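Please look at the sequence and the structure below, and keep both at hand while reading. The paragraphs that follow go through a few places step by step.

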Amino acid sequence: MDDNEGREAVRYGEAQVERGAGGETHQVAGDGRPSLTTQQGVVVGDDQNTLRVGERGPGALEDFHFREKIFHFDHERIPERVVHARGYGAHGFFENYEPLTDLTRADLFQRGGDRTPAFVRFSTVAGNKGSGDLARDVRGFAVKLYTQEGNWDLVGNNIPVFFIQDAIKFPDLIHAAKPEPDRGFPQAQTAHDNFWDFASLMPESTHMLMWIMSDRAIPRSFRFMEGFGVHTFRLVNEEGRSTFVKFHWKPKQGMQSVVWNEALKINGADPDFHRRDLWDAITQGDFPEWELGLQLFDDDFADRFAFDILDPTKIIPEEEVPIRRVGRLVLDRMVDNFFAETEQVAFCTQNIVPGIDFTNDPLLQGRNFSYLDTQLKRLGSPNFTFLPVNAPKCPYATFQQDGHMAMANPATRANYEPNSWGPEEGGPREDPVRGFQTFATTEEGPKRRLRPESFADHYSQARQFYVSQTEVEQRHLANAFVFELSKVERPDIRVRIVAALRNVDDDLAQTVADGLGLAELPEPLPAARPTVRDLAPSAALSILGNGPGSFAGRKIGVLITDGTDADLLGEVRQAAGKEQVNVELVAPTVGGITDNAGNRVEADQKIDGAPSVLYDAVVLLPSAEGAATLARQPAARDFVTDAFAHCKFIGHGPDAAALFESTGLGSLTDDGFIRLVDGASTEQFIARCAELRFWDREAALA
Ligand code: HDE
């Protein structure tokens with residue numbers, strides 16, 4: 001008998017499903033796709049129409065497929081994170097360079113070359129899940145390391161200090177930063193009264209304010225920023241000896257930020273700019289890497305250091321305690337499913353492993369409560385630890401049981417401990433040798449609500465950060481204060497911030513005051529401790545002072561039109577390719593152009609959808625006729641003027657003149673414009689691009 005006898009072929013879109021006459025077998029004809037089923041495994045015969053009585057009659061309640069589908073859809077959302085709601089994750093590994101047995105017994109640091117699987121989630125803090133990537137904000141840098149002795153979560157930020165010194169102020173800080181409760185805006189912005197009101201009344205936030213008003217808060221991409229564990233932790237070795245440690249992630253790609261006007265425009269042109277960047281890099285095989293750096297110190301240093309090592313509003317300058325690079329983190333795989341992994345990943349600061357321990361940093365102590373608590377709210381069950389992205393990749397055995405979504409109840413007879421059952425039925429036992437041992441500090445003192453005196457200097461390191469910046473960075477920082485405070489409606493709040501800045505640097509305070517149009521400089525805010533004005537600048541704190549020295553991994557937007565010079569375009573592509581620089585072709589239509597050799601060249605972007613803010617540098621290669629046409633189009637003119645205003649290097653072919661004329665840049669060209677005529681000049685252009693921006697232009701225009 002013919003196998004297909006009695007079967008009817010049904011086409012739904014592209015999929016061809018074979019249905020047995022008696023419904024007994026279900027398989028897919030043609031492309032081998034699996035059959036669609038209900039959650040109970042029943043193959044669905046019709047996913048296009050609800051079950052109804054008569055052709056135009058009412059729906060039937062017994063339509064279990066429809067009910068299951070809508071029921072599940074209705075429950076798709078889980079609460080977004082209270083903070084760090086918008087994030088993007090990727091998988092990878094940590095590779096340890098050499099044994100660190102003298103410092104820690106943590107398994108992942110025991111052998112050189114060992115690789116530990118990792119999952120990293122980058123995020124912004126203030127905005128909701130749908131907010132733009134380019135908000136001026138701290139970025140989260142949360143790393144989950146699935147070690148062979150349990151999961152270690154290093155839940156850090158891209159800024160090494162924090163706004164507050166005590167976790168009890170966290171709800172206030174976040175309430176103040178988030179949209180104002182009566183009006184429900186502004187979204188993903190600190191540029192409003194409540195944030196600056198709170199900040200101006202919390203002198204301890206001043207150091208952090210310097211960082212978030214700096215270009216660190218508008219990174220070019222996740223790939224180009226540093227990460228920090230922020231708090232002081234402990235490493236503990238086999239003998240039980242403890243060494244204090246601060247954790248750093250150093251991007252091998254170098255650091256890079258955008259300028260504020262660019263950030264505002266990127267948010268409109270591509271609110272997923274950072275997501276897309278990470279997705280593109282990893283899927284193209286350009287895996288981003290960070291080196292793990294340790295700042296290691298002992299009690300003697302802690303006692304000597306000018307600030308309290310438990311104070312999370314302070315750094316330890318690299319010049320005072322150098323960073324030892326001990327391994328590398330490589331991100332080499334995107335998630336299979338955003339929700340299952342990036343949304344459901346649950347970082348908890350309390351997730352540490354033998355060989356690592358906490359300190360009494362009051363922020364860290366508070367966080368250790370908060371993260372577990374928040375995961376229960378968000379994921380709805382204490383069994384969130386069994387979700388694949390959260391589960392350890394080493395063996396685990398507990399007596400925890402039941403609860404919503406229980407997935408791994410103990411299979412033994414005993415579900416308690418101690419018990420007198422044998423190994424088969426008795427379940428796991430504690431292990432005093434391999435098990436986690438808390439570092440035995442001695443603690444004593446009166447139980448009080450108190451901020452230690454050693455936390456009282458709020459301005460000296462803020463000043464140190466400021467004086468460690470280049471002139472360009474200082475200008476950006478002052479402009480950021482002016483921008484944000486100009487959005488603040490209450491003059492007294494603006495004045496109070498300027499008064500705080502007087503404790504940091506008088507020039508900065510004056511520049512901000514001028515930018516705000518303040519008639520006179522206010523008296524400095526009373527300070528608990530006078531500012532130490534001569535802390536040595538720390539070169540490591542500047543982004544521009546630590547340039548990448550290469551343009552690799554960056555992107556050039558090349559503007560082309562019909563008649564574009566085929567040879568020059570070829571040179572640009574070749575020179576960029578040699579330096580691992582990405583090129584995107586931007587044209588009047590996405591269908592592309594015909595170059596002067598008669599070749600059809602497809603475009604990546606239509607000019608209206610690809611403003612130059614999406615690129616690190618631009619090249620203008622229109623034909624003379626194309627340039628004349630583009631000169632009449634606002635989008636093309638903005639492409640050029642924005643690239644100019646954002647201090648980008650601009651490579652141009654001989655026929656771009658009409659574009660410069662129309663934008664008024666004809667007389668303003670400077671050394672950041674590079675005329676491309678042949679292979680050599682194109683290579684020079686790419687080499688110049690390694691400087692990332694032509695900052696002299698900004699100084700000239702200021
Ligand atoms: Fe968080 N923080 N935080 N935080 N934090 C959360 O946990 C909290 C702090 C950081 O990608 C929440 O899962 C308190 C410092 C990152 O999933 C919550 C305090 C640093 C992420 C929470 C802090 C961070 C969070 C919200 C003050 C840098 C995102 C959702 C004591 C060292 C992790 C969640 C991810 C997320 C509490 C301060 C980093 C509510 C109480 C300092 C990167 O538990």
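This is a predicted model: local features need pLDDT of at least 70, side-chain atom pairs count only at pLDDT 80 or more; totals for chains, interfaces and linings use all residues.

The next step is to ask which strands lie beside E9. Strands of a sheet pair through backbone hydrogen bonds, either parallel or antiparallel. E9 pairs with strand E10 (residues 242-251) in the antiparallel sense, over four bridges, and within this pair Phe-233 stands opposite Val-245 in E10. The two strands form a hairpin with five residues between them, and in this hairpin Gly-240 takes a positive phi near 85°. E9 also pairs in the antiparallel sense with strand E13 (residues 356-357), over two bridges, where Leu-235 stands opposite Ile-356.

Thr-243 also belongs to strand E10. Is Thr-243 buried or exposed? Its relative accessible area is 9%, and because buried means under 20%, Thr-243 counts as buried. Leaving aside residues up to four places away in sequence, Thr-243 touches Leu-103, Phe-233, Arg-234, Leu-235, Leu-296 and Phe-297.

From these strands we can turn to the ligand and its iron atom. Tyr-371 is the only protein donor of this iron atom, through its OH at 1.8 Å, and Tyr-371 is placed in helix H9 (residues 362-379).

Another part of the model shows how helices pack. Two packed helices are described by the angle between their axes and the distance between the axes. Helix H12 (residues 471-486) and helix H14 (residues 506-516) pack at an angle of about 40°, with their axes 9 Å apart, which means that H12 is oblique to H14. Their crossing is right-handed. Among the residues that meet here are Leu-477, Phe-481 and Leu-485 in H12, and Leu-508, Val-512 and Leu-516 in H14.

Finally, there is an open sheet of six strands, in the order E18-E15-E14-E19-E20-E21, with parallel pairing. Strands E18 (605-606) and E21 (673-675) stand at its edges, and each has a single partner strand, so one side of each is left without a neighbour in the sheet. Within this order, strand E14 (residues 555-560) pairs with strand E19 (residues 617-621) in the parallel sense over five bridges, and Gly-557 has Val-618 in E19 as its bridge partner.

Note on methods: Residues are numbered from 1 along each chain as its sequence is written. Side-chain values use heavy atoms; hydrogens and water are left out. Donors are N, O and S atoms within 2.8 Å of the metal (3.2 Å for Na, K and Ca); water is not among the atoms, so sites may look incomplete. Two strands pair if DSSP finds at least two bridges between them. Axes are lines fitted to C-alpha atoms, for helices over the stretch in contact, and angles run from 0 to 180 degrees between N-to-C directions. Angles under 35 degrees count as roughly parallel, over 145 as roughly antiparallel, 65 to 115 as roughly perpendicular and the rest as oblique. A crossing is left-handed if the near helix is turned anticlockwise from the far one by less than a right angle, and right-handed if clockwise. Contact means heavy atoms within 4.5 Å. Buried means under 20% relative accessible area, exposed over 50%, partly exposed in between (1.4 Å probe, protein chains only).
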